[in-house]
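This briefing is meant to be read with the sequence and the 3D view side by side. Please look up each residue as it is named, and follow the topics in order.

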Amino acid sequence: MKLKRQFFQRPTLEVARNLIGKVLVRRIRGRNLAGKIVETEAYVGPHDLACHASKGKTSRTSIMFEEGGCAYVYMIYGFYFCLNAVTEAEDYPAAVLIRAVEPLDHLNVMRKFRKYPDRDTNITSGPGKLCMAMGIDKTLNGEDLTGDTLWIEDRRLEVGRIVASPRIGVDYAGEYKDKPWRFYVEGNPHVSRAKG
């Protein structure tokens, strides 16, 4: 069952935790690539110094000011894309970064998109990896997450123990760098290598 827009229009920390175990689906070339979400990070509004919107509304971050339920896709290191689900109400810039998924459907296509990594646990075990494996790029920035191209489903899958820890790579964020706003499935081999 596809998640409704109201799912995303709730407090960001709730959404980040509740996305664990849900299924990210990308419709591409006639196939639905899918992966169970096993790791997320919350970026909670303009006061969160790790949040892109903490520097105000720019052409890059404007999508974060939309109402929850759309995709915020941006590039890092000049090469990798990252997928976020915009959350909360319009004009409150917040989002959840999808950090890792466990591949479920069309693994062969994901392997090909990732140029055949050394092992299956390395296909989608990080935000850039999962975007590459699922064909997610800047063209999907602003995409409706309840539409027919990129969406999230609740398949009632078993999850395991969910752990909270500080986010990864936000040492610059002052008092916000140690907030336990990263959620992941303990022991899942598809979680990103940096254990935080």
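**Phe-8 and the nonpolar core**

Leaving aside neighbours within four places in sequence, Phe-8 is in contact with Leu-3, Val-15, Leu-19, Gly-68, Gly-69, Ala-85, Val-86, Thr-87, Glu-88, Leu-145 and Ile-152. The model is a predicted one, and within it Phe-8 belongs to the largest nonpolar core, which has 59 residues. Phe-8, Leu-19, Leu-24, Leu-83 and Ile-136 are the residues of this core that touch the most other members.

**Overall architecture**

- The protein is built from four helices and eight strands, and these elements follow one another along the sequence in the pattern α-α-β-β-β-β-β-α-α-β-β-β.
- A compact globule of 196 residues would have a radius of gyration near 16 Å, and the protein, with 15 Å, agrees with that expectation.
- Taken along the principal axes, the box filled by the C-alpha atoms comes to roughly 40 × 35 × 30 Å.
- When contacts with a separation of 6 or more are considered, 62% of them are between residues 24 or more positions apart.

**Surface and charge**

- Of the 196 residues in the protein, 52% are buried.
- The protein exposes about 9,100 Å², and carbon and sulfur atoms supply 49% of this area.

- Ala-100 is found in strand S5, which covers residues 94-105, and Ala-100 counts as buried because its relative accessible area is 0%, where buried means under 20%.
- Not counting residues up to four places away in sequence, Ala-100 touches Lys-36, Ile-37, Val-38, Glu-39, Thr-124, Ser-125, Gly-126, Leu-130, His-190, Val-191 and Ser-192.
- Ala-100 and Leu-150 are 50 residues apart along the chain, and their C-alpha atoms are separated by 16 Å.
- Met-64 has its place in the loop between S2 and strand S3 (71-76), and this loop residue is buried, with a relative accessible area of 1%.
- Beyond its neighbours within four places in sequence, Met-64 is in contact with Cys-51, His-52, Ala-53, Tyr-72, Val-86, Tyr-92, Pro-93, Ala-94 and Ala-95.
- Between Met-64 and Glu-90, which are 26 residues apart along the chain, the C-alpha atoms are separated by 8.5 Å.
- Phe-113 is placed in helix H3 and, at 17% relative accessibility, Phe-113 counts as buried.
- Once the neighbours within four places in sequence are left aside, the contacts of Phe-113 are Ile-28, Arg-29, Leu-33, Met-132, Ala-133, Met-134 and Gly-135.
- Phe-113 and Leu-130 are 17 residues apart in sequence, while in space they are 9.8 Å apart, C-alpha to C-alpha.

**Loop residues with a positive phi**

- Arg-29 is not a glycine, although it has a positive phi of about 50°, and Arg-29 lies in the loop between strand S1 (23-28) and strand S2 (31-44).
- With a relative accessibility of 66%, Arg-29 counts as exposed, and Arg-29 is also one of the residues in contact with Phe-113.
- Tyr-116 likewise has a positive phi, here of about 55°, although it is not a glycine, and Tyr-116 lies in the loop between helix H3 (107-113) and helix H4 (127-133).
- Tyr-116 is exposed, since its relative accessible area is 57% and exposed means over 50%.

**A partly exposed loop residue**

- Asn-141 lies in the loop between H4 and strand S6 (150-153), and its relative accessibility of 27% makes Asn-141 partly exposed.
- Which residues does Asn-141 contact, leaving aside its neighbours within four places in sequence? The contacts of Asn-141 are Ile-63, Ala-71, Tyr-72 and Val-73, and Tyr-72 is also among the contacts of Met-64.
- Asn-141 and Tyr-74 are 67 residues apart in sequence, and in space they are 7.4 Å apart, C-alpha to C-alpha.

Terms used. Residues numbered from 1 in each chain as written. Predicted model: local features only at pLDDT ≥ 70, side-chain atom pairs only at ≥ 80, totals over all residues. Heavy atoms only, no water. Helix = DSSP H or I, 4+ residues; strand = E, 2+ residues; numbered from the N terminus. Rg over C-alpha atoms; globule rule 2.2 N^0.38 Å. Buried < 20%, exposed > 50% of the residue type's maximum accessible area, 1.4 Å probe, protein only. Contact = heavy atoms within 4.5 Å. Areas by Shrake-Rupley, 256 points an atom, 1.4 Å probe, with all protein chains shown as cover. Core = buried A, V, L, I, M, F, W, Y, C linked by side-chain atoms within 4.5 Å.
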